[in-house]
Structure formats: C-alpha cells, structure tokens
Amino acid sequence: MKPKVVRWGIIGAGKIAKKFAKDLQTISNTELRSIASRNAEKAKKFASEFNASIAYGSYEELVADSNIDAIYIATPHSFHKSHTLLCLEQRKPVLCEKPFAMNLTEVEAMIQMAKANNTLLMEAIWTAFLPHFQYVQKLIKEKHFGEVIQLEADFGFHPQYDETSRVFDKRLGGGSLLDIGIYPIFLTLSTLGEPNSIEAEASFFDTGADSECKMIFHYEKAKAILKSTLLEETKTEAIFHCEEGRIKINGRFHEPTSVTLINNQGVTELKNFDYKTLGYSYEIEHFNQLIRDGKTKSDIMTFERSQQLIKTIDKVRTIIGLNYS
Ligand SMILES: NC(=O)c1ccc[n+]([C@@H]2O[C@H](COP(=O)([O-])OP(=O)(O)OC[C@H]3O[C@@H](n4cnc5c(N)ncnc54)[C@H](OP(=O)(O)O)[C@@H]3O)[C@@H](O)[C@H]2O)c1
C-alpha cells in the first residue's frame, strides 16, 4: 500500500527554509503544501520557487489550514516558543529548528503543550539523523578504540557583521553559542553524556551577543574541548582521541560528511556515506514516519535529549554571563 502523503507547511521564508524545501522535493509521498511569510510577496516567490501550492502572508493563516499534516518552524530563536505554541494550540505537528527555544523554561512549556494536546513535537537537530553521526555514536558506545580520552570539536564561520541579522541581534537570540555552539555540545552529550563540570569563557559583540565561546566539559576520565566562533572560519571537525586510536568526523562534522579512523599503528580508514541530499531529508523522513504511525514524540530526538541540550546551554550561558532576558 502507498504510504500516506505528508503535507508540509513552513513558517518563515528565510535561508534554512529554502534548504529544507529543496530536500523536501527529494522525498516521495511528501508535499510542500504551503509557505507562510510575514510578507505575502516573499511567500509567493518562495512558493513558486519550491512548488508550494499556497503562499500565506501570515503565520496564523498557515496554522489554520486544515490540509496540513506537519509544520516546520524556521524563524529566529526568540520566536521558537511562541510559533511552536501557535501550531500546537491547533494540534498541528511541529518540527522546530534548533535551538528548540531560548532556555529550559521555554522548552518545558512547549513539551507540556505538546503532551496536553497529544500532538507531535520534535527539535530539528538534523545531525542526529545523519548516518555518519549515528555511526560515530555507535563506535564510541562500543568502545571501538577503547575509552575516549579527549574530544575536540569546533564550529566557526565568519559572517559579515550586521547588527540587524538574527546571527548578531541579541533580541533574536543571536550569538555563536545558540546558533552553532549547539552542535559541538550536542555531539558531546550524544557520545560522552552529561559532564561532571563545565568551564567556559566568551567574547561579545557590541549587540551583547557572544562572538566566540570556548568550553571545556570535564568527565571522570575524559574532557571535551569545544569552541564556537563567528570571528573565523574553522575546520568544524570533531576528533575523538581514544586509548587505541582516533575517530575523526571530517569537516563540517554536523552536516553530511565522512569519518576517518586512525589506529595507534597509523593505519587509516576512510568511511564514506554516499549522501545524495543536503542532509535534511533524514530528519524529514523520520518525522513523516512518526506522523504516519500516529506518534506524538520521537524516539531519536527525544524530549529528554532536547531538555538535556538546552539545560547544558543554559549552564554555559550562566558561566559566561549571557542573559537573553
Ligand atoms: N539546521 C540547520 O542546518 C540550520 C541552518 C541555519 C539556521 N538554522 C536555524 O533556522 C532558524 C532560522 O535561521 P535562518 O538562517 O534561516 O534565518 P533567516 O534567514 O534570518 O530566516 C529567518 C526567517 O524568520 C522569519 N522571521 C520572523 N520574525 C522575524 C524577525 N523579527 N526578524 C527576522 N526574521 C523573522 C523571517 O521570515 P519571513 O520574513 O518570511 O516571515 C525570516 O526570513 C534559526 O533557528 C537557526 O538556528 C538551522
């Protein structure tokens, strides 16, 4: 029997919405039904570029559309909670971009509403669904090269400074930690678990958003040295130094890439993963399946994982003195 067609709506016609819409087109039995923008002309342009049937000039109109099965929220961080609640109130399943919200309190309100309304909700941490990432998680769990002694992971790029851009605007939840620091932190929590203690330091733009954040997560027998920066392009790779060798997720580690294994004798093995899409297709296919199965939460990107992630980010923010309120 042919699987049910999942009809998507997207809120916010920005950069990531375009990449997501492009990958939607690669998935069978999946349709981009509508796009909503605060600007009707922008929505129309997006709809014609990505084959959406309907262009809405407000987010509220899209949420009211009874022919939508799933909504992808692609707005700035500071709106994730309100836009998620807008959808959940109408019992519309939500895939919300990272970070899930600005802090643990907001995330818990979203989860509570999803549970109360029996409606599917998931944080769009696409990396969790990428085969190379799952492969490395398994290698670490199975102690392929023994225990991890040290993990080093960075994520850096150097965008042109523009205080109106969501990346630099503190009121929109800008800064390196929430935007890209979330990826090395997610990798660390996914492989080493919750740290015993955290050290962190940061520098800031004039807007008050952090320009760079350096972190050390301490474990009983290991440490993770992490960095996010908007001041320089970095390799954005992740290296696990283990007792019997190294596991390197080649740059950029959070998106479709390869993995190199190097044992202590210097023997090197390169693993490729035959990626054919931008990589968003993996989380979309998972979400489609959850909808077809009538599920209200993911067993991969669980609520507990999202809570642990934002709780850790909250801790780092407290240490570096980054307060969004
Ligand atoms: N998973 C990934 O690989 C990835 C990559 C990049 C970003 N992201 C995440 O995706 C989200 C959006 O990022 P983006 O890079 O796509 O941002 P963007 O290009 O600035 O787009 C954000 C969109 O949000 C809407 N919006 C609503 N209120 C807004 C306001 N007050 N100011 C600015 N925009 C507002 C706008 O859409 P309308 O004008 O159409 O209403 C805007 O185009 C963020 O949470 C970010 O962390 C994820």
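Which residues around the ligand come nearest?

A: This is a predicted model. Around the ligand there are 23 residues, and those that come nearest are Ser-37, Lys-42, Tyr-59, His-77 and Tyr-280. Sorted by kind, the residues of this shell are ten nonpolar, six polar and seven charged.

In the side chain of Tyr-280, an N or O atom is 2.8 Å from an oxygen atom of the ligand. Backbone atoms take part as well: a polar backbone atom of Ala-13 lies 2.9 Å from a ligand oxygen, and for Thr-75 the distance from a backbone N or O atom to an oxygen atom of the ligand is 3.4 Å. On its own the ligand has 890 Å² of accessible area, and the protein covers 84% of this. The place where the ligand sits is the largest pocket.

The shell can also be traced back to parts of the chain. Two helices, α1 (15-24) and α7 (176-192), each supply at least two of its residues. In terms of domains, at least three residues of the shell come from domain 1 (6-124 + 280-299), and at least three from domain 2 (128-277).

Technical notes:
Residues numbered from 1 in each chain as written. Predicted model: local features only at pLDDT ≥ 70, side-chain atom pairs only at ≥ 80, totals over all residues. Heavy atoms only, no water. Near = heavy atom within 4 Å. Polar contact = N/O pair within 3.5 Å; in protein donor to acceptor, adjacent residues only side chain to side chain. Areas by Shrake-Rupley, 256 points an atom, 1.4 Å probe, with all protein chains shown as cover. 1 Å grid on protein atoms, 1.4 Å probe; cavity = no way out; pocket = protein on both sides within 12 Å on 5 of 7 lines; lining within 4 Å. Sits in = over half its atoms within 2 Å of the grid points. Helix = DSSP H or I, 4+ residues; strand = E, 2+ residues; numbered from the N terminus. Nonpolar A, V, L, I, M, F, W, Y, C, P; charged D, E, K, R; others polar. Domains from an automatic or database assignment.
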